[in-house]
Every structure is written in C-alpha cells, then in structure tokens.
Amino acid sequence: MTEHAGPAGSTRDVSNDSNQVAALKQVRLLVVIVTVLLASALQAAQTPNVLFIAVDDLRPELGCYGNKLIKSPNIDRLASRGTVFNRAYCQQAVCSPSRSSLLTGRRPDATRVWDLETHFRVALPDAVTLPQYFKANGYHCAALSKIYHHGFEDGLSWSEPHWYPNGGAIDTDKVDWTKQIKTRHDVKVQEYAAPAQTSSKQPGGKLAKAGPAFEVSSKADDQLPDGATAAEAVKRIASLKGTGKPFFLAVGFLKPHLPFVAPKKYWDLYDPGQIPLPATDRLPEGAPEFAGHTNGELHNYPGVPTENPIPADFAKTLRHGYYACISYTDAQIGRLLDALDKEGLADNTVIVLWGDHGWQLGDHGLWHKHTNFEIATRAPLLISVPGQKSAGQACNTPVEFVDVYPTLADVCGLGVPPGLDGTSLKPFIENPAASSTKVAISQYPRGAGKAGGAVMGYSVRDDRWRLTLWRQRGGDKVVATELYDEKNDPAETVNVAAKPENKAVVEALTKRLPPVAASGNKAKPNAKKSSIPDGKASE
C-alpha cells in the first residue's frame, strides 16, 4: 500500500482512490448498458403488432355497416375500437386479382393478375409485398389459411411456411418462387359432413363440387376449416408474444364463400321469414348485357335450379346460409380479439379486417362477384390503431384496397415505401371526416362479343357516382358506358350515362381513369378461354 502525506500531516491511500475510480467507471458503464437495454425494450414494446384478418366473399352485411338483421357482435366490437370505412372498394371483384393487388399495393394492370391462373411475380418478380416489407423491418410474419389465392403462395412474404387447416403448409423456394415446398401438420379438417367422392370434371378441368351449395352442419366450430384456423391463431398469438419481436399475423377465413356450410346454431340465429330478397333481380335498364354473367359458379353446385334468376324460395335459403356463415366467421374473429386481450396485446396491436370483394346475393339477378357493380366491388374495411382518438367513427370517403399497404406501413412507423399505387389512410383514421377528392377505381375483364371483342371495364366511384367505361383491351376505344347515381338509385336500376344533364359528370370522372394498359406481355391472361368474365370462376 502506498501512502502520501496530505495536508496537516494526514496520509492518503492512492491505490484505494484508483479502485474507486475504476468502480465508478464500471457503474457508469452499467448505467449506460441498462439504459440502452431499457430503451430497446421500450422501443420493442412501442412497435405495434399487426393482426391482419382477411374474409373471403364478405360484403358489408354487418351490424357496424347498418344491417340490423345480421348478427356480427365481434366485428362490431372491432368497429367500436377502430375506423369503419363505409366506402371501401376492391381493385377487381374476384379473389386472386383482388388479393394480389392489396398485398402488393399495385393495381391489376401492374400485377397483370386479371384471372385465377397468374402469379403476380410473373410481372413483378422483385415486388416487395406488404408482409415482406414488415419482415424486412424486423417483424415475424406468419400466414394462416387463405391470404393469397390458394396455389399462388409466396414464401418471400413470410417468416415460416403458410399454414392451412387441411393438414398442410406451403413455402416457396426463396430463389425460384415457382417451386413449392410442402410439409404436413396434424390439423386436418374438411367442410362437408359427408363429402362426395367424385372424379368427374367441370368445364375448365376442375373437379366437380363435393357437395351442395349449402349445408346445415352438425359439426362443432373447430371441426370446420375456419374454426380450426381460429384455434391455431389463438395458439400463435400466445406463442408470438414470447418471441421478443413484433409480429404480423395474417389470418384468413373462408366463409361466407360458397358453399354456405356453418354449424346449425348459426343458422338458428335467423328467422327465414325475415330474410329479404334483393331490390332488383335484373340488370340495370340501359346496361350492356355483358356487364352481368350467367351465375356459373353457383350453378356448378348440385341441386341448384338451372334457371336464372334463381327462384325466390331457393334464393332465400341461399341468403340464409350466407348470413349464417357471416355469424360463424364473426364468432371466430371474436376468439382472436379475446386472445389479444388475454395476452395483454390489444393495446399494442394494429388490427385490419377486410373482405376481398363484395358479393351479389341475387342482386341484378346475379350471384357471387365478377362484376363492376357497387355490390360486387364494395367490401368491408375496418382498421383499429392503438390509441386512436376517433375510435368508433365511420369514414365515408371512397377508399381502395391498394391503400391498405401504405396505411399499415404508415401507422406502424415504418415509412411508406415508394412505387405503391395507393395512399395512406392515416389522415382518415385520425379524422374520419377529413375532406378529400379521392375516388376508387375497380376493373373487370369481359368479352363484349361483336360489340367490341375483349374489353376491360374500368369503374370510377366518387362520393355520389359510379362511372364504368368498357374499353377495348390494349386500346382506348370505349364500346359501352354506364353511369349510376348511387345517392338517388343505390340499387343501380337505371344507367343514366346517356342523359344530357350528366355529360359533365361523365367527362369529369373519365379524367380519373388510369392510362390504357398494354394487353400483350409475358403475363397476359391465359390465351385459352377464361372462365372469369362469365362468372364461372369458383373462387
């Protein structure tokens, strides 16, 4: 020990001073480390999770959309904590084009997906999808059941294989997306109580339907695909909580897609005598015949009457089944919301719920989607952001599904990537009454026959009008025009495009159309006769 004389003859231990200095430095270093760790933990806690709920064929027949007959307490519960977009529209009213568009943030003319036969990566091999963008920003991304159109999975989007309730999971090669990697798991359920074993084929080569268009099921919720998916989602929410990473969990529900199969208790929620028929069972006066279709998807099911329109009694039963399926899916969504509450994640999770397009229930004499009419293109969109001050309010501005990608990126603080076709809806979440000049644009391919050959119908929706221009593919010649006054004729019974007083409306909305898309490239629709334009698609 070394001692030195101090003032007034005192002595001082120099080595002890050195130890104190070293100890002080260690304390300071420890404080810095703890501060950094706490800041990192705080940042992780503040990074919101995303619960991304996709519902197949769901039109806005819900309590939160003003339907007093439908029993949808859980979706209504979500609406009370978020924003209901009353006028949300898909880009094309059929499964794969709509989903590809929403998940890439690009319109169908960019994805080149206008059918059920084309993967978006043919035209956009380097696209960064919505979940892929979140994965690149540190999220664990997982998909359960139908998110992309089945058969067009995208492994680059997810942190793990895409799970399905049929006992399988699908990944794709990270270099060659055309190569699927399939694995098995032990959750395997089927829809019908006694599915038919058939090898017969429908037109187009698909197997014949395994059962009728509807079934009052004796099964419990989890013995059907959507119940099994909800059960898996509840498990995932619990396990993802412990990973230390934010998650993006995409959960797809199949109902109310045909066939209308739901447990009996959901059918029993509805009095058949109170189920209404559509306002009109024929195409709008003055609309081109090719604007509709022949209900091919529905007629593919055994036992469906062959005539159009579908007879009223059978139509009511189908509507009953559709409503029962909505309530069945609503119950499954409630289980997800309960799981977030149970795990203490509700206050740090952004929730978005969307239907991939609308659905005609005999409206205009049509069933399923496959048109540019309001009832086919309009779908539910609900977004809940933790801490939002406008919770429980509705937004009436027309919005589009291409807006979902930039919106989620924005509200989660990731920044909106360039090159997307939509815009963030964050301003409307903060203030649903915010002023806007937005329009929504949908489209659908058709064969116009001698009137114009192959055409694409582009439909522009503002806060009052819907204008649809049917343009020849690859050109700008318009072969038919439709205009509907959604304020005074919400059932779209009369095409008023030819009225002189509406000339200015037609001209103004025409200017909002996208530029003419080239029809010929490596991702053009399949050269063989497509089943989609005539409404015969099964998805």
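1. Let's start with a cysteine: Cys90 has 0% relative accessibility, so Cys90 counts as buried (buried means under 20% relative accessible area, exposed over 50%, and partly exposed in between, with a 1.4 Å probe and protein chains only). Cys412 is buried too, with a relative accessible area of 8%. How many disulfides does a search of the whole structure find? The search finds 0, where a disulfide is a pair of cysteine sulfur atoms within 2.5 Å.

2. A word on what you are looking at. This is a predicted model, in which local features need pLDDT of at least 70 and side-chain atom pairs count only at pLDDT 80 or more, while totals for chains, interfaces and linings use all residues. Residues are numbered from 1 along each chain as its sequence is written, and side-chain values use heavy atoms, with hydrogens and water left out.

3. Now find strand S13, residues 349–355. Helices (H or I, at least four residues) and strands (E, at least two) are DSSP runs, numbered from the N terminus. In S13, 7 of the 7 residues are buried, so the strand is largely enclosed by the rest of the structure. Thr349, Ile351, Leu353 and Gly355 point one way, Val350, Val352 and Trp354 the other way, and all are buried.

4. Which strands pair with S13? Strand S3 (residues 49–55) runs parallel to S13 and is joined to it by 7 bridges; two strands pair if DSSP finds at least two bridges between them. Val55, for instance, has Gly355 in S13 as its bridge partner. Strand S16 (residues 381–384) runs antiparallel to S13, with 4 bridges joining them, and Ile383 in S16 is the bridge partner of Val352.

5. Next, the inside. In soluble globular proteins, nonpolar side chains tend to be buried together. A nonpolar core here is a set of buried Ala, Val, Leu, Ile, Met, Phe, Trp, Tyr and Cys residues joined through side-chain atoms within 4.5 Å. The largest core has 63 residues, of which Ile53, Leu249 and Leu353 touch the most other members. Helix H10 (residues 312–342) supplies the largest share of this core, 14 residues. Apart from it lies another core, of 47 residues, including Cys90 and Val350.

6. What does Leu353 touch? Leaving out residues up to four places away in sequence, Leu353 touches Ile53, Val55, Leu58, Ile75, Leu78, Ile333, Pro380, Leu381 and Leu382; contact means heavy atoms within 4.5 Å.

7. Rings deserve a look as well: the structure holds 18 aromatic pairs. Rings of Phe, Tyr and Trp (its six-membered ring) pair if their centres lie within 6.5 Å; planes under 30 degrees apart count as stacked, over 60 as edge-to-face and the rest as tilted. Tyr133 and Tyr405 form a tilted pair, 6.1 Å centre to centre with 50° between the planes. Tyr133 lies in helix H6 (residues 130–136) and Tyr405 in helix H12 (residues 404–411), so the pair ties together parts that are 272 residues apart in sequence. Tyr405 is buried, with a relative accessible area of 1%.

8. Tyr148 and Trp158 make an edge-to-face pair, 6.3 Å centre to centre and 70° between the planes. Tyr148 and Trp158 both lie in the loop between strand S6 (140–144) and strand S7 (162–163), so this pair ties together parts 10 residues apart in sequence. Finally, ring pairs link Phe52, Phe134, Tyr139, Phe248, Trp354 and Phe401 into a cluster.
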